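Dear colleague,

Please find below the structure that I am handing over to you.

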Amino acid sequence: MLVVGAGGYLGRQVVRRATARGHEVVGTATTAASGHRVLDVRSREAVLALLADVRAEAVLNLAAKMDDWAVTADGAAHVAVGAGDTRLVHVSSDVVHGGRSTPYTEDDPPDPKSRYGAAKAAAETAVAAIAPRAAIVRTSLIVGTDDSQHIRLVHDLLAGRRSGFLFEDEIRCPVHVDDLADALVELAEGEHAGVLNVAGPEAISRAELGRLVARRAGIDPRRVPTGLTADAKLGPRASDVKLDITRALGILRRSRLRPVSADEEIQGGV
């Protein structure tokens with residue numbers, strides 16, 4: 001099993017979960033410091049050469065970079081071309097949607113507001129065209145340990161290491177990193193083709209997630225700085241993006257998708 005982007009937060013957990021399932025795993029990262037094979041997904045030649053060398057039975061593409069279209073969009077196309085007929089699972093994002101009051105299903109087409117959302121939507125289009133049997137997984141905020149960028153942000157805001165605030169009006173469906181990693185490995189072992197929403201079953205605001213993190217750290221949640229997206233002046237941005245996971249719950253047999261605020265197993269992890 002080849003994990004492209006194995007050096008990241010989700011990638012590290014995917015490697016652990018796949019290994020625990022008995023798979024021989026090869027990972028890639030942008031530097032050798034991670035211990036994985038170095039790969040620049042922006043280079044079509046490098047991607048094709050590595051995939052031809054590894055000859056994986058399944059490829060999981062987790063590679064993305066917020067401010068780099070070539071990594072997020074072009075890189076996804078390169079991996080899809082290199083994978084050929086190999087089982088491919090591509091990780092996308094809820095930011096392909098622009099936000100609305102009702103949940104999004106897999107049948108809702110992308111309508112991104114941000115450049116990153118547009119890159120993710122372009123990646124989906126490329127993967128679907130090049131590898132129509134691939135699974136394209138739309139997910140949400142990934143949480144679970146203090147290594148999560150979303151959890152680190154809360155702690156940094158509370159400690160004064162960063163300025164800013166968390167949005168009361170930006171709604172997401174956070175997913176535990178263990179649950180998402182298990183789902184990706186399960187999908188890599190299966191045959192599901194097309195888009196699949198894999199996120200948590202609970203929709204909460206970024207501000208409420210911050211208060212949840214504070215409470216679990218024994219900190220007064222009223223200390224979490226909050227505000228509205230308009231106050232941040234960040235430009236066009238998806239607001240209320242809820243993912244309907246009904247289809248995933250019917251497909252996934254051994255992977256859990258737990259709510260961040262209710263499951264006692266993850267009380268200490270979020």
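Helices (H or I, at least four residues) and strands (E, at least two) are DSSP runs, numbered from the N terminus.

Before going further, please note that this is a predicted model, in which local features need pLDDT of at least 70 and side-chain atom pairs count only at pLDDT 80 or more, while totals for chains, interfaces and linings use all residues. Residues are numbered from 1 along each chain as its sequence is written, and side-chain values use heavy atoms, with hydrogens and water left out.

The buried residues of α4 are Y116, G117, A119, K120, A121, A123, E124, A126 and V127. Buried means under 20% relative accessible area, exposed over 50%, and partly exposed in between (1.4 Å probe, protein chains only). These buried residues of α4 pack against α3, β5 (87-93), β6 (135-139) and β11 (194-197).

**The sheet**

An open sheet of 7 strands runs in the order β3-β2-β1-β4-β5-β6-β11, with parallel pairing. Its edge strands are β3 (37-38) and β11, each of which pairs on one side only. Two strands are taken to pair if DSSP finds at least two bridges between them.

Strand β4 (residues 58-61) pairs with β5 in the parallel sense over 4 bridges, and A58 has R87 as its bridge partner in β5. Strands β5 and β6 also run parallel, joined by 5 bridges; the bridge partner of V91 in β6 is V137.

How many residues of β6 are buried? The count is 5 of the 5, so β6 is largely enclosed by the rest of the structure. In a regular strand the side chains alternate between the two faces of the sheet. In β6, A135, V137 and T139 point one way, I136 and R138 point the other way, and all are buried.

**Cavities and a pocket**

On a 1 Å grid over the protein atoms alone, a cavity is a set of points where a 1.4 Å probe fits but cannot get out, and a pocket is an open set with protein on both sides within 12 Å along at least five of seven lines; lining residues have an atom within 4 Å of a point. Grid points are joined across faces, edges and corners, and a volume is the space filled by probe spheres set on the points. By this rule there are 2 cavities of 30 Å³ or more.

The largest cavity holds about 40 Å³ of space. Its lining consists of L141, H150, L153, V154, L166, R206 and L209. Both α5 (149-159) and α7 (206-216) supply at least two residues of this lining, and the largest share, 3 residues, comes from α5. By type, the lining divides into 5 nonpolar, 1 polar and 1 charged residue.

**Two individual residues**

P132 is found in the loop between α4 and β6. With a relative accessible area of 59%, P132 is exposed. Leaving aside neighbours within four places in sequence, P132 is in contact (heavy atoms within 4.5 Å) with V127 and A193. P132 and A193 are 61 residues apart in sequence, and their C-alpha atoms are 7.0 Å apart in space.

A248, by contrast, counts as buried, at 0% relative accessibility; its place is in helix α9 (residues 246-251). Not counting residues up to four places away in sequence, A248 touches L196, N197, V198 and L257.

With kind regards

Notes:
Nonpolar A, V, L, I, M, F, W, Y, C, P; charged D, E, K, R; others polar.
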